[in-house]
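User: Hi! I'm new to this one, could you walk me through it?
Analyst: Happy to, let's have a look together.
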Amino acid sequence: MNEKNFEYLRNQVKYTGFGEGLDNELKEKMQQQTSNFTLNHEVLYGVDRAKATLSFKKSDQSEMYFFNSYNVDLQKDNSKESLEQTFYINKGSNITMKEAYNLMEGRAVNKELTNKEGQLYNSWVQMDFKETDSNGNFKLNQYHQNYGYDLEASLSKLPIKELETPKYKEDLMDSLKKGNLQSATFLKDGKEVKQFIEVNPQFKTINVYDTNMKRIDNREAKVEKQSEGEKASVKQTNKKQGSSADNEEPDIPKEVKKRVKKQSNSI
């Protein structure tokens with residue numbers, strides 16, 4: 001067995017989201033020197049059970065093995081039928097097991113992908129459940145950089161408390177890029193309300209859900225943000241009207257300027 005090959009495959013398996021629990025079995029299978037073999041991995045996401053079968057193939061020219069793909073069988077708690085999809089391993093950024101689950105849940109994942117010329121490009125990837133390829137896999141739609149979806153701009157339209165803190169904002173965006181359904185604190189009528197959000201690159205927006213996972217209309221979700229802007233606008237107008245109407249008030253020195261708290265745009 002090639003030790004360097006084992007180390008490479010072990011890391012590949014680990015960073016594709018399968019952890020280190022398959023290390024011993026991987027080594028045993030490689031030592032057997034069969035032409036190909038599989039490893040099994042099972043994980044629960046809430047009440048959903050995902051079973052993955054990892055496929056390895058030996059080179060025809062050497063004793064080197066390659067991690068080619070993994071098949072996911074997703075059994076949802078509320079469904080009698082399971083959903084299957086095969087994810088292929090590439091030299092670039094692989095789709096991890098958790099990202100595979102998120103894609104099979106219908107959510108979008110942001111990835112650095114490689115084209116045929118070996119050049120990296122960024123794209124949102126989302127599963128199309130209406131179209132399959134010749135292998136029976138659901139098509140993966142891509143929304144490239146030029147498609148024009150701006151996650152940060154979409155988030156800025158919503159009254160989310162985490163956006164006020166650069167670190168929390170960065171964590172929120174990173175989680176959404178992985179395709180997670182992410183909890184967020186919405187500011188509504190002066191109160192904090194927990195809701196859930198996910199990315200919708202196809203329609204260049206954010207999907208918002210309440211705690212019962214009922215979809216909230218985007219216009220409703222933006223109401224608080226708009227009202228905050230209107231209040232600020234009214235305050236500014238009143239100040240201007242007050243200063244011009246009341247000439248008996250002492251002049252404010254030009255050197256005194258009001259401090260404006262800028263919201264950070266850090267990612």
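User: Which residue lies over the face of Tyr147?
Analyst: That's Lys204, at 4.9 Å from the ring centre. A charge counts as over a ring if NZ of Lys or CZ of Arg is within 6 Å of the ring centre and within 35 degrees of the ring normal. This is a predicted model, where local features need pLDDT of at least 70, side-chain atom pairs count only at pLDDT 80 or more, and totals for chains, interfaces and linings use all residues. Residues are numbered from 1 along each chain as its sequence is written, and side-chain values use heavy atoms, leaving out hydrogens and water.
User: How many aromatic pairs are there?
Analyst: The whole structure has 9. Rings of Phe, Tyr and Trp (its six-membered ring) pair if their centres lie within 6.5 Å; planes under 30 degrees apart are stacked, over 60 edge-to-face, the rest tilted. One of the pairs is Phe37 with Phe56, stacked at 4.8 Å centre to centre with 10° between the planes.
User: Where in the chain do those two sit?
Analyst: Phe37 is in strand S1 (residues 36–45) and Phe56 in strand S2 (residues 48–58), 19 residues apart. Strands (E, at least two residues) and helices (H or I, at least four) are DSSP runs, numbered from the N terminus.
User: Is Phe37 buried or exposed?
Analyst: Buried, at 6% relative accessibility; Phe56 is buried too, at 2%. Buried means under 20% relative accessible area, exposed over 50%, partly exposed in between (1.4 Å probe, protein chains only).
User: Switching topic, how many residues of helix H3 are buried?
Analyst: In H3 (residues 97–104), 7 of the 8 residues are buried, among them Tyr101 and Leu103. Gly106, with a positive phi near 95°, follows H3.
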